[in-house]
Amino acid sequence: MAAVESDYRELREKLTAEFIGTYLLVFTVGCNVLGGSGALGVLSIASVLMVSIYALGGVSGGHFNPAVTFAFGIRGMLENQGGMDLVSCLQYIAVQLVAGLLGGFSYSAVYGYGFYLGPQYGFRWWQSGLVEMLFTALLVFTVLNVAERGNQFYGLAIGFTIVAGGYAAGWISGGIFNPAVALGIDASSLPGFGFGWSFAYSFFQLLGAAFAVGVTHLIRPDEVYDADEKKWVKNQDAKPSSRLIAEVVGTFYLMLVVGLNVMQGKDHLVTALSAGALLLVMIYAVGDVSGGHFNPAVTLAVFLRGHSDFTPGVAAQYAVVQIAAAVVGAFTYRVIARGRFPIKPAEATTEGWVLVLVSEVVFTFVLAFVVLSVAASKEQLESFAGLAIGFCVVVGGYAVGEVGGGVLNPAISIAADLVYSVPDRAYGNGWAFAAMQLIGGAAAAGAFYVLRSEEAKESYRSTKGYGAVGFP
């Protein structure tokens, strides 16, 4: 009897936590949209998700999203992959949907009306569905790669997926990424806008969740979940193929986020924040697998820094897959947003090119040097490496975004320029930008040798997991 009562109490606590977190998320979304928070609304929504995960994650796991629960349900059907049983999944999802409905009705009661759920002006169902799938996959992928891994940054990483995806995809689909949010918005808008898009959105979101499970398994094929210790255990170091897949995923999303923000016409401040958030997320998610480069200039800096396993061949493989992934990401944003943009100085003059040269070299140097200092040295940061590295993009984008974009990444420069040049234009500015950025990366390695001369004499091998920008 005591055991039954204990199980019931635990279930009640978990479901209550899921209800509170989901309700707060949906209510915050609605208040920001109807209250006219503008660009800062995305930060508010990301923040409520982050703080709710930190507050309630220890009780229920902090899903607050049927797509996340669905992913854990899939994992529950796999051997030694953690996850949840079918009954628990259905209980979580039912509570999340009810909380979403009540959250939607609450904000519509406060404001007296709701708002439309569906493809935004100028876009069709498949474009909205595609971005919902891709960015729900990003959210779920992040959850699967940071939760229950003995870190303190999990809430920050998951919350910042909303910063990355909300700015990038909000103008296309509304940036929902959550069936409970979709249902709450759809139901509360019934009197004025009709009902039904939440079902289509949920389909693409659940598809994205399933995709995230598959990609995570490809990247971490040898990890098993210890149910007694409630943590993940590595059977061996990451395979070379896993490292390259991790670099592909991170660089693809980085290019996609940059491209969609630029195509939206957002100013360089929003683009830099969204891209910086994405870099932060990916470093926390797969930095322990590949090192989290996603940038040939960073790869060059790490190679020149010296690593026991980071040979010229491996560095070349990293650079090739980064550029290839960026090209795929660039064609993806071109298909979704039906447009392209050039890589060029703000002013095509000698003075304009000089400004670009200085800015790209200096701020790529900042990015690569911070990587080496916080994640490839003996004084690696335990929980703040991703934050420090991600906000280097914010630093550079805010400072010199108006000069030439503040790209700071050869893969982004080359891919965006290639997509802009197809089929009938061939400017080639991307390669010039890439050369500047590689100079910045090499300079960062040189500065590391000057400032940490004794440490730099020895090839390093990281011992702190996610902070291993060379290899774990």
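Colleagues, two remarks on conventions come first. The model is predicted, with local features needing pLDDT of at least 70 and side-chain atom pairs counting only at pLDDT 80 or more, while totals for chains, interfaces and linings use all residues. Residues are numbered from 1 along each chain as its sequence is written, and side-chain values use heavy atoms, with hydrogens and water left out.

Let me begin with the chain as a whole. It has 18 helices and 2 strands; these are DSSP runs numbered from the N terminus, with helices being H or I of at least four residues and strands being E of at least two. Of its 472 residues, 57% count as buried. Here, buried means under 20% relative accessible area, exposed means over 50%, and partly exposed lies in between, using a 1.4 Å probe and protein chains only. Among contacts with a separation of 6 or more, 79% are between residues 24 or more positions apart, a contact being heavy atoms within 4.5 Å.

I turn now to the largest pocket. Its volume is about 910 Å³, that is, the space filled by probe spheres set on grid points joined across faces, edges and corners. A pocket, on a 1 Å grid over the protein atoms alone, is an open set of points where a 1.4 Å probe fits, with protein on both sides within 12 Å along at least five of seven lines; lining residues have an atom within 4 Å of a point. The lining holds 31 residues, of which K14, S60, G61, E148 and Y225 lie nearest the centre. Helix 1 (2–34), helix 2 (40–60), helix 4 (86–111), helix 5 and helix 6 each give two or more residues to this lining. Which helix gives the largest share? Helix 2 does, with 5 residues.

In helix 1 we find T28, which is buried at a relative accessible area of 15%. Leaving out residues up to four places away in sequence, T28 touches S44, I45 and V48. In helix 6 (residues 154–173) sits T161, buried at 3%. With neighbours within four places set aside, T161 contacts L138, L139, T142, G166 and V281.

Helix 3 (residues 66–76) contains F72. This residue is buried, with a relative accessible area of 13%, and beyond its neighbours within four places in sequence F72 is in contact with H63, G83, M84, V143 and L144. The C-alpha atoms of F72 and D85 are 8.5 Å apart, although 13 residues separate them along the chain.

Finally, I draw your attention to two backbone positions. Most residues other than glycine have a negative phi. F294, however, has a positive phi near 60°, and L408 has a positive phi near 65°. Where do these two residues lie? F294 is in the loop between helix 11 (268–290) and helix 12 (296–305), whereas L408 is in the loop between helix 15 (385–404) and helix 16 (410–421). Are they buried or exposed? F294 is buried, with a relative accessible area of 1%, and L408 is likewise buried at 1%.
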